[in-house]
Amino acid sequence: MTISIEPSGVSLGATVTSVRLGDLDPSEWATIEEAFHEYGVLTFPKQFLSEEEQIGFAKRFGELEHVSVPISNQRKDGSVLQDDAHRFWILRGNERWHHDSSFMPLAAKASSLTAMVVPSSGGQTEWADARAGYDALDSTTKEKLSSLCARHSNYWSHEQLGQPTHTGEGYGFHTFGAPLRPLVKIHPVTGRKAVYSGRHAYGIEGFSAEHSFTFLKELIESIAQPPRVWGIDWEPGDFAIFDNRCIMHRVQPYDYSEPRVMRHTRVAGDPLTEFAPTVRDERADNYNPSTFAQEARVAADQRSIA
Ligand code: OGA
Ligand code: MN
């Protein structure tokens with residue numbers, strides 16, 4: 001079998017076939033890693049990876065932040081999530097462009113998804129190329145961006161959704177404040193510049209709140225334009241991996257009365273290049289880890305800082 005890599009035809013993304021991700025030889029892995037850096041997103045139709053195989057493949061990229069989580073609109077008993085569930089709002093939030101874990105002190109390197117159950121329409125995942133988005137900016141804007149930093153916070157992004165049941169607790173709602181990240185990120189491997197923004201970003205240093213809001217909204221819109229957007233209309237068993245350091249993603253809305261289940265594995269960033277210092281986020285001040293689960297999450301946060 002010779003591995004086949006078919007570029008999408010737009011600035012990011014390629015479809016990879018004639019390979020078994022659960023059983024890679026060293027040269028196939030080298031080809032895939034190189035393609036990951038070039039295209040930013042790779043999709044692999046019909047891999048039907050077991051959970052173990054997906055975890056094993058993700059570990060080739062580095063240490064995992066999330067080993068395996070179901071991204072699902074259903075509870076274990078099959079009932080559909082309603083808007084009184086925090087997880088419902090995580091899914092709704094995923095409909096907006098973002099980089100995974102940008103709100104954590106250590107942002108993510110890569111994320112992978114296996115489609116387990118897909119709805120009859122909608123639910124496509126889309127990616128936007130923040131490298132090409134940067135390249136397309138005029139030189140004045142590039143110059144302006146070069147010295148700007150934005151805060152990233154789950155408190156902020158969930159507030160933007162208007163989540164009525166928001167309690168400020170759960171994954172990503174921590175005491176450490178908001179990471180302050182440059183709006184231009186230099187890719188640690190390719191050296192390419194990319195805009196680093198997304199739905200968790202707010203409060204650009206030196207800007208008024210309103211100016212920052214409008215500036216970030218327009219910036220994100222300018223990135224996520226053709227020919228810098230690519231998507232997948234999932235079939236069960238399809239797999240994708242993407243580079244959070246330079247690519248944004250979102251999910252298209254779908255009818256929540258139909259199940260959609262994705263198996264998600266997230267690779268942690270490198271502390272040398274994805275760690276950011278945090279500044280006070282007053283929304284986090286009242287955080288009170290009241291349950292064992294929340295304390296466990298805080299401990300995980302601290303590990304990622306070390
Ligand atoms: C995620 C995410 C998009 C999707 O899991 O981080 O944004 O298509 N998922 O489910
Ligand atoms: Mn995501």
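A residue counts as near a molecule if one of its heavy atoms lies within 4 Å of that molecule; the exercises below apply this cut-off to a predicted model.

**Exercise 1.** Determine which residues surround ligand 1, and how the shell divides by class.

*Solution.* Applying the cut-off of 4 Å, one finds that the shell around ligand 1 consists of I71, N94, H98, D100, L113, T125, H249, V251, R260, M262, H264 and R266. Sorting these residues by class then gives four nonpolar, five polar and three charged residues.

**Exercise 2.** Identify which strand supplies the largest share of the shell around ligand 1.

*Solution.* Strand 14 (247-251) and strand 15 (261-268) are each found to supply at least two residues of the shell. Of the strands, it is strand 15 that gives the largest share, with three residues.

**Exercise 3.** Work out which polar side-chain atoms lie within 3.5 Å of an oxygen atom of ligand 1, taking D100, T125 and H264 in turn.

*Solution.* For D100, the distance from a polar side-chain atom to an oxygen atom of the ligand is 3.1 Å. For T125, an N or O atom in the side chain lies 2.5 Å from a ligand oxygen, and for H264 the corresponding distance from a polar side-chain atom is 2.7 Å.

**Exercise 4.** Describe how strand 12 (residues 229-232) is paired and which of its residues are covered.

*Solution.* Strand 12 runs antiparallel to strand 6 (residues 125-129), and four bridges join the two; within this pairing, E126 stands opposite G231. Turning to the faces of strand 12, W230 and I232 form the covered one, whereas V229 and G231 form the uncovered one.

Methods: Residues are numbered from 1 along each chain as its sequence is written. Chains are lettered from A and ligands numbered from 1 in the order in which they are written. This is a predicted model: local features need pLDDT of at least 70, side-chain atom pairs count only at pLDDT 80 or more; totals for chains, interfaces and linings use all residues. Side-chain values use heavy atoms; hydrogens and water are left out. Buried means under 20% relative accessible area, exposed over 50%, partly exposed in between (1.4 Å probe, protein chains only). Two strands pair if DSSP finds at least two bridges between them. A polar contact is a pair of N or O atoms within 3.5 Å; within protein, one must be able to donate a hydrogen and the other to accept it, and residues adjacent in sequence count only if both atoms are side-chain atoms. Ala, Val, Leu, Ile, Met, Phe, Trp, Tyr, Cys and Pro count as nonpolar, Asp, Glu, Lys and Arg as charged, and the others, Gly among them, as polar.
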